Amino acid sequence: MLLREETYQQQSNFAHYCRTGEFLPIKGVDEKRIHYYPRLVFNVIDDTLRSAFPLTVDLFSEEEWETTTRRFFAKHRCSSYSVWKMPFEFYQYILSSESELLNKFPFLDELLLFEWTEIEIHMMEDKAFPEVSLTGDFENDVIAFNPEFKILQMKYPVHLKNPNKITETDEAAYFVLIFRQPETGNVQFIDVSSFFYWLILKILNEQKSFEELIQEAEQTFKVERSILLTNTIPFLMELQQNKFIIGFKK
Amino acid sequence: MIDERAANVGIGFRKEFAEEFLAGNVLSPAFVEVAPENWMGIGGYWKKILKRVAEKHEIYSHGLSLSLGGPDELDWEFLKNLKSFLKEYDIKIYSEHLSFAKCDNAHLYDLLPVPFRWDAVQHIAGRIKSVQDFLERKIAIEIVSYYTPVAAEMSEVDFINAVVKEADCNLLLDVNNIYVNGFNHNYDTKEFLQNLSLDPVAYIHMAGHEKVADDLIIDTHGEPIIQPVYDLFDYTVQILPEQVPVLLERDFNIPELTELQFEMNRLENICTKHWRNELVTA
């Protein structure tokens, strides 16, 4: 590096001041003006995080938000060159470094992940869609899913309930399907039961016929075939309407 | 005949006005500029939007995170992705800032002033050369606005001239930044421009700012361009050795598109006034 160690130190001290507000000596700066920098820099961080996590902002007190985001920026070294990806680092930071908040809000990790996943799915690179037939039969053909999706498995209903009203009594098994609509690019999420979660994973990972899946479901869930059929077909039709099911494999 | 390039006034593309821009013809820029960091490696809605923009307009690209003035290693993964992005959208002009945005492995997502020092000149020029070699093109570097010098050992203009000469790169002249810096650091902006090497200027940016104290302006890109900045632009256009593209930046407080077009028209009229005369007399 052609930079002198001393020049590097000036830049490092300046960057440190911008991130932490802690002033280390920097030669030749205007002391009346330098304080604008940490403010301007932090505005970008705060704006980006507020826009990424509106539900979390609402859950936290203003003081909690302010101190947590400032601690994050001071302690964590942001590695994403695209600022829109930085909120994922905030989520990771909370998981690794904010145990007090995680204890206070036992669903906080899931709330942050849910909010981040909406951004991730909205922005993710386009995936190749399989060639499908638009006409088919759920019972006899192999279903093809929209590949631009994620399913989250959660213990709290952060996708269903105002986070301020979630309590420990809400703890259960929740599943949420989050996907991007192919034409509009809009992100949609659907709450799914544990059976449908199981079914979606089975369809995704195993090339079994609908009949084979229903038989397996009867064994696994100890539910009558007629009940399974009554519930499954309308659910699959709903997924088709919402463009999560894009057709049937050729 | 007026050179077509005399009317080369573009707009900084913002998601806030994307739909309206594409749906109508209120705004008719000669080109559109995007920050690659906001548009690389994405899909879905915004990718579709960018493709639609690219079908109608030439795209320029203005980077934010390369941190040419920073002490950290260059991010080669980013540069690799950037090169693909420039190719994908057939982007002919890529510019970055003469500042640093990353230090000690931490991105700061803002443009911090570099120390005006000879070792920094060599360091930054070397990095610009590496980037130019990798991207197989000259890049333009922008003179940024700043609110305090940092560990300066030489004048700003000498520093900029030296970096551009050592790196053999182009210069992006942000006329608003020159105005802001002249005001904040109490120097004569015309004298600054006279002392600046203008041959490498390949591109101009214009924007608005906000005066936050009697002796301080912050470069917000959130207000219309003020008359003294238009005047400085008028002067700049007259002394530039070549016609170059001009960009209007508006990042916050986005007004009606008619207002942006009005500002672009003013810039275009100034260019045409001087560059037409130049062509006639030539």
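**Entry 1: a strand pair in chain B**

I began with strand β1 of chain B, residues 9-12, and found it joined by two bridges to strand β2 of chain B, residues 31-34. The two strands run parallel. I then looked for a facing pair and noted B:Ile11 opposite B:Val32 in β2(B). I keep in mind that this is a predicted model.

**Entry 2: the barrel**

Where does this pair belong? I followed the sheet onward and got a closed barrel of eight strands in chain B. The order I wrote down is β1-β2-β3-β4-β7-β8-β9-β12, with parallel pairing.

**Entry 3: chain B as a whole**

I counted up the secondary structure of chain B: ten helices and twelve strands. Along the principal axes, the C-alpha atoms of chain B fill a box of roughly 50 × 45 × 40 Å.

**Entry 4: chain A as a whole**

How does the radius of gyration of chain A stand against the globule rule? It is 24 Å, well over the 18 Å that the rule gives for 250 residues, so chain A is more spread out than a compact globule. The box of its C-alpha atoms, taken along the principal axes, is roughly 80 × 45 × 30 Å.

I checked the domain assignment next. It gives chain A a domain 1 at 1-104 and a domain 2 at 125-250. The C-alpha centres of these two domains of chain A lie 39 Å apart.

**Entry 5: the sheet in chain A**

I turned to an open sheet of three strands in chain A, ordered β1-β6-β2 with antiparallel pairing. β1 (132-133) and β2 (143-145) of chain A stand at the edges. Each has a single partner strand, so one side of each is left without a neighbour in the sheet.

β2(A) pairs with strand β6 of chain A, residues 245-249, in the antiparallel sense over three bridges. Within β6(A), A:Phe248 is the residue opposite A:Ile143.

**Entry 6: a helix check in chain A**

I tested helix α9 of chain A, residues 210-221, for its length. At 1.5 Å a residue, its twelve residues should span 16 Å, and the end C-alpha atoms are 16 Å apart, which agrees. Just after α9(A), I noted a positive phi of about 55 degrees at A:Lys222.

**Entry 7: where the chains meet**

How many residues of chain B are in contact with chain A? I get 38, against 42 residues of chain A. On chain B, the elements that each supply at least two residues of this side are α2 (36-39), α3 (44-56), β5 (100-103), β6 (106-112), α5 (118-135) and β11 (216-218). The largest share, six residues, comes from β6(B). By class, I logged 19 nonpolar, eleven polar and eight charged residues on the side of chain B that touches chain A.

Terms used. Residues numbered from 1 in each chain as written. Chains lettered and ligands numbered in written order. Predicted model: local features only at pLDDT ≥ 70, side-chain atom pairs only at ≥ 80, totals over all residues. Pairing = 2+ DSSP bridges. Helix = DSSP H or I, 4+ residues; strand = E, 2+ residues; numbered from the N terminus. Contact = placed C-beta atoms within 7 Å. Nonpolar A, V, L, I, M, F, W, Y, C, P; charged D, E, K, R; others polar. Domains from an automatic or database assignment. Expected span 1.5 Å × (residues − 1). Rg over C-alpha atoms; globule rule 2.2 N^0.38 Å.
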